[in-house]
Amino acid sequence: MIKKFIDKLLGKSSASSRKASPFGKREDVPVSVHGIDRSLVDQRALDVVHTLKQAGFEAYIVGGAVRDLLLGLRPKDFDVATSATPEQVKGLFRRAFIIGRRFRIVHVVYGRGREHEMIEVSTFRAYLDSADAEQVAGNERTSKGALAGMTHAVDASGRVLRDNVWGPIEHDAARRDFSINAMYYDPESQVVVDFHNGIRDAKKLTLRMIGDAATRYREDPVRIIRAVRFAAKLSGLGFKFDAKTLEPLASSRNLLADVPQSRLFDEMLKLLQTGHALASVEQLKAVGLNTGIYPLLDVVVQRAEDPFVKLALQDTDRRVGESKPVAPSFLLACVLWADVRKGWSQRLNARPGQRPPPPFAALQEAVDEAFDARIGDVSGRGKLGADMREIWMMQPRFDKRVGTSPFSLVDQARFRAGFDFLRLRAQVGEVEEELAHWWETFQHASDEVREDMVDAQRRESLAKPGPGKARRVKRTDADHPAQAVDTVRTGTVSSAVAAEPRLPAESRVDEQDDGERPARVGFGSAFSSDSEPESDTAPTKKRRRRRRKPTGEGGQGGESPTND
């Protein structure tokens with residue numbers, strides 16, 4: 001008591017009563033200490049920083065890019081933070097677009113088409129207490145009108161709905177989530193500005209939330225998913241959660257109920273398409289979040305050990321690692337294929353006495369059922385849903401390798417995705433490896449080779465043993481049973497055959513063929529053309545026989561009978 005009184009008189013405060021500043025302590029770390037290789041920085045990011053600094057603004061590369069540079073990795077994306085407002089940033093670049101409502105940021109675009117690259121530029125944000133923010137009763141959708149004129153607003157749970165108040169760099173650093181994501185790199189001076197010991201945590205391989213973790217999760221529940229994503233991405237390097245960061249993680253999942261479904265859907269895709277899908281699934285299980293984040297993500301985690309889904313996740317990680325494009329439609333089509341396949345099979349196996357629907361109609365019904373049950377209205381009716389449907393509906397068409405079907409299929413816009421799907425099915429034994437190999441060769445072959453492949457497939461189909469297509473027998477045909485009865489009545493049939501009407505057709509011999517050729521299948525094969533008597537001098541007049549089509553040659557342009 002006496003010491004506290006003396007300290008108060010002298011203007012001192014004890015360590016226990018001293019409150020830590022939320023802004024941390026600024027430390028400018030030179031290149032000799034942090035060791036970042038400037039050559040790993042994208043030239044477009046350098047241009048953006050240089051342009052902003054030339055205009056008199058502060059500008060730094062920030063976030064995950066600095067973390068990766070510090071770890072010796074080449075970042076895939078570069079973000080820039082600046083003291084310029086979104087409108088000021090937009091005015092400095094020819095192709096710049098302001099996006100977002102909750103957080104207004106600017107996309108500076110380089111290049112066009114698929115080759116375009118984008119640098120995301122955000123303005124330093126002020127550190128504000130949620131208690132001082134304007135409060136709305138609803139959420140982003142139900143309170144659009146009220147939120148339109150607000151710059152800082154929260155909902156009833158404290159979740160930030162608007163956050164567009166600008167401030168200095170130390171405020172912006174305090175607003176970021178993890179210490180390793182709150183570092184600022186100036187590529188011109190090569191200095192790293194660190195407020196919250198991010199460099200220390202990076203060296204200790206620690207994921208630590210800035211401030212009170214439970215409060216930060218409440219401000220933005222999506223940080224729960226981001227925490228899992230960062231842990232999955234950095235798990236290979238040995239990063240672990242700080243105890244205070246991990247403790248409230250799983251118990252905060254109920255906060256995600258207030259987050260719009262579309263935003264959760266986007267965060268789920270980030271988990272699965274940043275090159276660490278399998279690691280993300282393992283992290284979700286490890287921290288107790290394998291259920292309850294998003295229904296479709298629950299299905300992914302549940303089926304991650306299924307051979308087909310596991311192959312799809314591995315294939316996605318591989319493509320990201322090779323800097324190849326990945327499509328969410330492909331991965332989700334793989335995840336939900338079990339539902340589609342089950343529904344398709346059930347519809348094709350009709351009940352006794354009922355006629356099964358056509359295969360394509362049955363597949364379409366199964367696809368609709370899977371969408372209604374698993375995806376709903378989030379993205380099922382957009383381009384992603386259309387691409388998923390096309391991948392699924394393409395699968396039966398791969399069985400057709402004769403006629404013009406292969407040529408039209410290989411020209412489809414989504415053929416490659418459909419083929420990759422087929423390839424994974426072949427790897428798990430769902431279809432023959434030979435089928436996937438045939439299409440792999442066909443798609444890369446010349447027109448002449450393609451023609452030869454289709455011809456060879458047609459000959460192979462014709463050579464396969466099996467019953468030909470049944471021919472419809474008309475009453476006027478000689479081999480109609482009614483004609484056989486009439487012939488018996490007129491006495492023109494041999495007594496042996498008349499006496500044994502059930503004699504198998506294969507054992508009968510046409511009288512005028514002298515036993516040299518097998519008889520035609522059917523009742524009429526037992527009878528000769530008896531309208532003229534036999535003669536030793538005149539050649540026997542033989543009935544013209546109807547040719548049967550070879551096995552496999554049906555009315556579908558020579559398609560295999562298995563595709564009827």
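Me: Which residue in β5 is the bridge partner of A96?

Reply: Strands of a sheet pair through backbone hydrogen bonds, either parallel or antiparallel. In this predicted model, where local features need pLDDT of at least 70, side-chain atom pairs count only at pLDDT 80 or more, and totals for chains, interfaces and linings use all residues, the partner of A96 is V108. Residues are numbered from 1 along each chain as its sequence is written, and side-chain values use heavy atoms, without hydrogens and water.

Me: How many bridges join β4 to β5?

Reply: Two strands pair if DSSP finds at least two bridges between them; strands are DSSP runs of E, at least two residues, and helices are runs of H or I, at least four, numbered from the N terminus. Here four bridges join β4 to β5 (residues 105-110), and the two run antiparallel.

Me: In what order do the strands of the open sheet lie?

Reply: Eight strands form the sheet in the order β1-β11-β10-β2-β3-β6-β5-β4, with mixed pairing. Its edge strands, β1 (27-29) and β4 (96-99), each pair on one side only.

Me: Is R223 buried or exposed?

Reply: Buried means under 20% relative accessible area, exposed over 50%, and partly exposed in between (1.4 Å probe, protein chains only). R223, in helix α10 (residues 222-234), has 9% and is therefore buried.

Me: Which residues does S280 contact, leaving aside neighbours within four places in sequence?

Reply: Contact means heavy atoms within 4.5 Å. S280, in helix α13 (residues 277-286), is in contact with V228, A232 and L271 on that basis.
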